[in-house]
Amino acid sequence: MSVAIDVEDQAWDRVPGLELLARRAVEVAFAGAGFDATGSETAILFTDDETIATLNAEWRGKPYPTNVLSFPAPDDLPVPESELRPLGDIVLASGVIAREAEAQGKPLPDHVAHLIIHGVLHLLGYDHEDEAEASAMEGLETSILKGLGISDPYERQ
């Protein structure tokens, strides 16, 4: 498994060991979902609020910044045998995520790990469009995060 990481916004410098954190979060997300990621590639873009707002408007029709976006690769994407199979891209916004972590009283690295795991699960087809899907996805996220020593992000405080 390969994780391509691009840090586009210097604001991400406030997260120590960001690339290691990202790689570990992707690894545990695949393992926790029971997905064998051997021979695959995932890309993560750490960007700013303006860039993610543009993407959110273009792809979801929502002209404002969000914390994380996931873009799964099409299942029928032709990939030469000698290349890694792309699973998709995850984009995270520095400002939105920092504000959320502060407002929720969470350590920023823990919140970043959670949102990367959330993004990976979207790449694998998990969603939260209805209550049953949301409950299943949140339960899996909580279980994966527990394995990293990160408390339940959905627990009421």
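1. In which helix does S94 lie? S94 lies in helix α3, which covers residues 94-104. With a relative accessible area of 6%, S94 is buried (under 20% relative accessible area, with over 50% counting as exposed and values in between as partly exposed, for a 1.4 Å probe and protein chains only). Leaving aside residues up to four places away in sequence, S94 touches D9, A11, W12, R14, T47, D48 and D49, where contact means heavy atoms within 4.5 Å.

2. Basis of the note. The model is predicted, and local features need pLDDT of at least 70, side-chain atom pairs count only at pLDDT 80 or more, and totals for chains, interfaces and linings use all residues. Residues are numbered from 1 along each chain as its sequence is written, and side-chain values use heavy atoms, with hydrogens and water left out. Helices (H or I, at least four residues) and strands (E, at least two) are DSSP runs, numbered from the N terminus.

3. The sheet. An open sheet is formed by 4 strands in the order β1-β2-β4-β3, with mixed pairing; two strands pair if DSSP finds at least two bridges between them. At the edges stand β1 (2-7) and β3 (68-72), each of which pairs on one side only. On average, and with direction ignored, neighbouring strands of this sheet are turned by 15° against each other. Axes here are lines fitted to C-alpha atoms, for helices over the stretch in contact, and angles run from 0 to 180 degrees between N-to-C directions.

4. Strand pairs. Strand β2 (residues 40-47) pairs with strand β4 (residues 85-93) in the parallel sense, over 8 bridges. In this pair, S40 stands opposite R85 in β4, and L45 stands opposite V91 in β4. By contrast, β3 and β4 run antiparallel and are joined by 5 bridges. F71 stands opposite D89 in β4.

5. Helices on the sheet. Helix α2 (residues 49-60) packs on the sheet and touches β2, β3 and β4, its direction making about 50° with that of β3. Helix α3 lies across β2 and β4 and runs at about 65° to β4.

6. Burial of α3. The buried residues in α3 are S94, G95, V96, I97, A98 and A101. Their cover includes β2, α2, β4 and α4. Just after α3, G105 takes a positive phi of about 65°.

7. α3 against α4. The axes of these two helices come within 9 Å and cross at roughly 120°. The helices are therefore oblique to each other (angles under 35 degrees count as roughly parallel, over 145 as roughly antiparallel, 65 to 115 as roughly perpendicular and the rest as oblique). The crossing of α3 and α4 is right-handed; a crossing is right-handed if the near helix is turned clockwise from the far one by less than a right angle, and left-handed if anticlockwise. I97, A98, E100, A101 and Q104 of α3 make the contact with L108, H111, V112 and L115 of α4. By class, this contact has 6 nonpolar, 2 polar and 1 charged residues. Ala, Val, Leu, Ile, Met, Phe, Trp, Tyr, Cys and Pro count as nonpolar, Asp, Glu, Lys and Arg as charged, and the others, Gly among them, as polar.

8. α4 against α5. Helix α4 (residues 108-123) packs with helix α5 (residues 131-147) at an angle of about 130°, the axes being 10 Å apart. At that angle α4 is oblique to α5. The crossing of α4 and α5 is right-handed. On the α4 side the contact is made by A113, H114, I117, H118, L121 and H122, and on the α5 side by M137, L140, E141, I144 and L145. These residues divide into 7 nonpolar, 3 polar and 1 charged.

9. α1 against α4. These helices pack at an angle of about 45°, with their axes 9 Å apart, which makes α1 oblique to α4. The crossing of α1 and α4 is right-handed. In α1, L18, L21, A22, A25, V26, V28, A29 and F30 meet P109, V112, A113, I116, I117, V120 and L121 in α4. The contact of α1 with α4 comprises 15 nonpolar, no polar and no charged residues.

10. Position of A22. A22 is placed in helix α1 (residues 18-32) and counts as buried, at 0% relative accessibility. Not counting residues up to four places away in sequence, A22 touches I5, I44, F46 and I116. A22 and A4 are 18 residues apart in sequence, with a C-alpha to C-alpha separation of 9.9 Å in space.
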